[in-house]
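This briefing covers a few local features of the structure shown below. Please keep the sequence to hand while reading.

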Amino acid sequence: MVSQHGVASQGSAPQAPLDPATLAESLLPFGQSRMLPRAAYTDPAVFEWEQRHFFGGGWMCVGRSDQVANPGDQRAEAASIGTVLLTRDDDGILHAFANTCGHRGHELLPCGAAARQSVIICPYHAWTYSLAGDLRAAAGFKSQPGFDAGQWGLAELPCIEWHGLIFVDGGGTAAPLSDDLRTLDAMLAPYEMSRLVVAGRHEYDAAANWKILTENYHECYHCPSIHPELCRVSPPRSGDNYHLSGAWVGGTMDLRPGMTTMSLDGASQGVPLRGLDEKGLRTVLYVNVFPNVLISPHPDYVMVHRLVPVAVDRTRIECSWAFAPEATARPDFDPSYAIDFWDLTNRQDWAACESVQRGLASPHAKPGPLNPAEDAVYQFVTMVARGYLGQSVWSSGSPVPLAEGAAQARHFAGTISPR
């Protein structure tokens, strides 16, 4: 399930350009705490810091394994500042490289583009690389004194395939992904995500900060107000949230009696996933792997949202739906029962999140309290707040206790000027 290149442990990051006193309020015990400060959602300087240290300083999901499934497959994807080139070599090994030619820095593939060929060819001056990143040919340099092709290979980044998803460590210093997600790995194993077949994809562009989208995902306190279709098939107060260590947050919701999946009528047009027990067939999981992937396993399909932050107030969302191969092989299979339900629900969510973004633009907006049903939001907010204070989100150990994090924030408040 996992193939991984070596990585080193991650050190602490510099603190974010935020008033630590407001972060101390976010790190108070649940029931007393507040949301993140307004600037966390509106200040371009905070967004730039996140790009360097959350998205560029640890593991980030950059796509699915099936997008580079065969030897020769190549794909360029956004990854923090710049893009990453994914390749599958002749031995089936996945590689990730900074998407920049060693000659003049030209992109090897445009972001979002794909190719299949036995080598990587820069479209500018035709420098040619192996699928493992070694420079094979550079026109006009072969006889040039002092030119050593071995010095001009592509810059490789740690990458890992995990449950059919591809993660890249843009900083090259994060602790192994598998260490941080060991408990979640066992929870997702029965869904056999690597075995499933993607039968639908949608792309959305939301005028909202990436954290607003994630916070919305982590609670159903809003569901009675904006999701009548969802509430008909799943009780909004059902399920539980997990309180476990690691760079992830998640929980469950139940299906109503008589409903077999999340669809507009509660009926499934697919087949149940073969690894699930009786409880799994009545439950939907909602999991956020920090910082940018939302995984929603259902009894008969798995939905994945990949968030790609574009600006402090804009996020691109790639959503995919994967089903059991026994279902997709049927001539009459139609995945729209799942896609249509979640496309409607997604658009309801994006509209609400965009309204939150507009509301936070007001200088009168201030961090609000959390409802008892927003405990998963609290977990996410405290994870982000600790990261803002310079603590590593991606680590192989247990997180710093919240009380200690709040004390640290109060200490920093006396030594750092607020923005």
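Two strands count as paired if DSSP finds at least two bridges between them. Helices (H or I, at least four residues) and strands (E, at least two) are DSSP runs, numbered from the N terminus. The model is predicted: local features need pLDDT of at least 70, side-chain atom pairs count only at pLDDT 80 or more, and totals for chains, interfaces and linings use all residues. Residues are numbered from 1 along each chain as its sequence is written, and side-chain values use heavy atoms, leaving out hydrogens and water.

**Strands β10 and β11**
- β10 (residues 159-162) and β11 (residues 165-169) run antiparallel and are joined by 4 bridges.
- The bridge partner of C159 in β11 is V168.
- Their hairpin has 2 residues between the strands, and H163 takes a positive phi near 50 degrees.
- β10 is covered on both faces, with C159 and E161 buried on one side and I160 and W162 buried on the other; buried means under 20% relative accessible area (1.4 Å probe, protein chains only).

**Helices α6 and α11**
- The axes (lines fitted to C-alpha atoms over the stretch in contact) of α6 (residues 210-217) and α11 (residues 375-388) come within 8 Å and cross at roughly 150 degrees.
- α6 is therefore roughly antiparallel to α11, a term for angles over 145 degrees, taken between N-to-C directions on a scale from 0 to 180.
- W210, K211, T214 and E215 of α6 meet V377, F380, V381, V384 and Y388 of α11.

**Residue H218**
- H218 lies in the loop between α6 and α7 (223-226).
- H218 is buried, with a relative accessible area of 7%.
- Beyond its neighbours within four places in sequence, H218 is in contact (heavy atoms within 4.5 Å) with V249, G250, N288, A376, V377 and F380.

Key. Parallel < 35°, antiparallel > 145°, perpendicular 65-115°, else oblique. Buried < 20%, exposed > 50% of the residue type's maximum accessible area, 1.4 Å probe, protein only.
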